[in-house]
Amino acid sequence: MALVSILALLSPEGRAADRLDHSLRPVARPGTAQLSRFVPAAETAAGIAGATLAVLGRNSAEPAARAAIPRPRLRPASAVHVAQDAGAADLDVTPDGFVAWTRAFRGRALAAGVSGRTFDRVFQEVRYLPEVVRLDGRQSEFTKTTGQYLESAVSDTRVAKGSEKAREYDGTLSAIQSAYGVDKRVVAAIWGMETNFGGHRGNTHTPSALATLAFDGRRGAFFEAQLIEVLKILERGDTTSENMKGSWAGAMGHTQFMPTSYQSYAVDFTGDGRRDIWSDNPADALASTAAYLNRMGWVSGMPWGREVLLPSGFDFGSVAGERMPSDWARLGVRGTDGKAVPDFGSARLLLPAGAKGAAFLVFKNFDVIKRYNNSDAYALGVGHLADRIGGAGPLRTAWPQEDRGLKREEREEIQARLTHAGYSTGGVDGRIGPNTVSAIRSYQRSSGLTPDGYPSIALLKHLRR
Ligand SMILES: [Ca+2]
């Protein structure tokens with residue numbers, strides 16, 4: 001599918017460039033080395049993408065790809081519109097070709113097993129939504145550090161609301177935890193991160209959003225596949241077209257499933273025969289999230305990770321790879337209580353802001369959370385929010401205040417200057433992958449800086465000297 005070629009260009013932080021994003025909403029998160037300004041998940045294609053820096057992932061990461069693909073022109077006062085009762089606004093914006101696309105797509109949908117009756121019934125209500133195209137093309141310029149991201153994603157307000165919701169739904173969440181073995185606080189935290197506990201599920205008619213994006217063409221095959229699943233969901237009767245609302249990018253319900261993920265992983269927890277993730281009752285959606293994490297390999301009883309403290313004089317040359325926490329303790333890496341972190345399993349050291357900010361040992365379950373949204377910052381947000389909902393306090397270590405997220409040009413400048421200085425970053429693409437991190441480390445080492453591999457504004461200034 002078209003998505004694959006785009007995703008192949010985008011490297012999640014620390015991952016090989018050719019690795020595809022297999023997370024729950026892949027299109028939403030092309031896995032960027034950055035994460036942009038925080039936007040509630042239901043309002044972004046991505047939910048939240050990113051890691052150390054920030055952006056609406058694919059939008060900022062693929063300007064070249066975007067520019068190369070002609071966008072359909074919007075023709076004012078076009079006489080063509082698909083819906084018989086479309087209003088004047090629709091007439092003004094529905095582009096030429098949408099009707100023809102609908103006709104052609106009908107054939108493909110029927111060939112995929114959708115009944116003509118369902119197709120025609122749903123497409124009576126489908127509208128071309130110019131707002132979706134506008135949001136899809138939005139470029140993100142502002143960047144956030146992981147610290148800034150966590151400040152909004154795990155605000156005191158959200159923690160308070162999460163605690164209240166966890167109490168209100170404790171019976172349901174406990175039953176879900178028993179059924180799927182997934183920590184109920186993590187499930188509640190994903191609910192909070194995705195839709196602010198159901199408060200921002202999105203109000204866009206999903207079939208219309210997906211039809212618009214499929215017609216729009218940039219990832220047409222991907223969105224057509226999503227739309228076909230939507231038609232099958234409606235044919236099966238899990239919900240009605242009228243109730244099928246979600247984000248402008250097609251993510252649905254309390255925990256923002258894309259239709260194909262829904263078809264593979266959603267469950268009926270209430271027992272009424274419908275997997276209703278759109279209902280005001282979040283039970284099916286929360287259970288579906290737990291079922292998804294379970295299928296992705298969640299290890300029951302293992303935490304996502306723990307904040308740790310590094311000893312003074314810590315050897316940042318030793319940060320790569322996984323070790324048991326007791327082995328990390330031998331290097332001086334200890335929990336915030338000063339004790340060795342228990343050996344829940346092997347863990348890697350995560351330094352979202354380099355040597356100066358908070359440090360974490362993260363376990364396999366951290367990567368399972370990333371299967372929901374392929375971003376270290378997102379997984380940290382979920383993990384930390386889960387801990388806070390469970391009564392834990394704020395992080396012990398403050399984030400460096402002088403730090404700020406880097407713009408794409410600045411990341412490229414770092415790569416160009418490193419390369420010029422003889423430290424190959426494997427290309428200048430604005431994405432901070434393992435090669436760039438390694439080049440930064442070498443440069444830092446030979447310049448007498450702390451070799452934490454972190455691309456900061458301070459590093460850029462040093463390179464400019
Ligand atoms: Ca149900």
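Is the crossing of H19 and H21 left-handed or right-handed? I will come to that pair after the overview.

This is a predicted model, in which local features need pLDDT of at least 70, side-chain atom pairs count only at pLDDT 80 or more, and totals for chains, interfaces and linings use all residues. Residues are numbered from 1 along each chain as its sequence is written.

The chain has 21 helices and eight strands; these are DSSP runs, H or I of at least four residues for helices and E of at least two for strands, numbered from the N terminus. Of its 465 residues, 52% count as buried. Buried here requires 20 or more other C-beta atoms within 10 Å of the residue's own, exposed is 12 or fewer, partly exposed is in between, and C-beta atoms are placed from the backbone. Among contacts with a separation of 6 or more, 66% come from residues 24 or more positions apart. A contact is two C-beta atoms, placed from the backbone, within 7 Å.

Now the opening pair. Helix H19 (residues 408-420) and helix H21 (residues 457-464) have axes that come within 10 Å and cross at roughly 40°. Axes are lines fitted to C-alpha atoms, for helices over the stretch in contact, with angles from 0 to 180 degrees between N-to-C directions. H19 and H21 are therefore oblique to each other; under 35 degrees counts as roughly parallel, over 145 as roughly antiparallel, 65 to 115 as roughly perpendicular, and the rest as oblique. The crossing of H19 and H21 is left-handed, that is, the near helix is turned anticlockwise from the far one by less than a right angle, clockwise being right-handed. From H19 the contact uses Glu410, Glu413, Ile414, Arg417 and Leu418, and from H21 it uses Leu459, Leu460 and Leu463.

Leu173, Ser174, Ile176 and Gln177 of H10 meet Lys184, Val187 and Ala188 of H11.

Next, the cores. Which residues have the most contacts inside the largest nonpolar core? They are Val187, Ala189, Leu231, Leu286, Ala290, Leu361 and Val382, in a core of 100 residues. Helix H13 (residues 220-236) gives the most to this core, with nine residues. A nonpolar core means buried Ala, Val, Leu, Ile, Met, Phe, Trp, Tyr and Cys residues joined through C-beta atoms within 7 Å. Beyond its neighbours within four places in sequence, alanine 189 contacts Gly162, Val382, Leu385, Ala386 and Ile389. There is also a second, separate core of seven residues, including Leu418, Tyr423, Ile440 and Tyr443.

On to the sheet. Five strands form an open sheet in the order S4-S6-S8-S3-S5, with antiparallel pairing. Pairing requires that DSSP finds at least two bridges between two strands. Strands S4 (322-323) and S5 (334-335) are the edges, each pairing on one side only. S4 pairs antiparallel with S6 (residues 347-350) over two bridges, and arginine 323 has alanine 347 of S6 as its bridge partner. S6 is joined to strand S8 (residues 359-362) by three bridges, again antiparallel. Arginine 348 stands opposite valine 362 in S8.

Last, some loop residues. Glycine 250 sits in the loop between strand S2 (245-246) and helix H14 (259-265). Why does glycine 250 count as buried? Because it has 31 C-beta neighbours inside 10 Å. Not counting residues up to four places away in sequence, glycine 250 touches Thr206, Ala209, Leu210, Leu213, Gln226, Met258 and Pro259. Its C-alpha atom is 9.7 Å from that of alanine 211, 39 residues apart along the chain.

Glutamine 256 lies in the loop between S2 and H14. With 33 C-beta neighbours inside 10 Å, glutamine 256 is buried, and its phi is near 60°, a positive value in a residue other than glycine. Most residues other than glycine have a negative phi.

Asparagine 196 also has a positive phi, near 50°. This residue is in the loop between H11 and strand S1 (204-205). With 18 other C-beta atoms within 10 Å, asparagine 196 is partly exposed.
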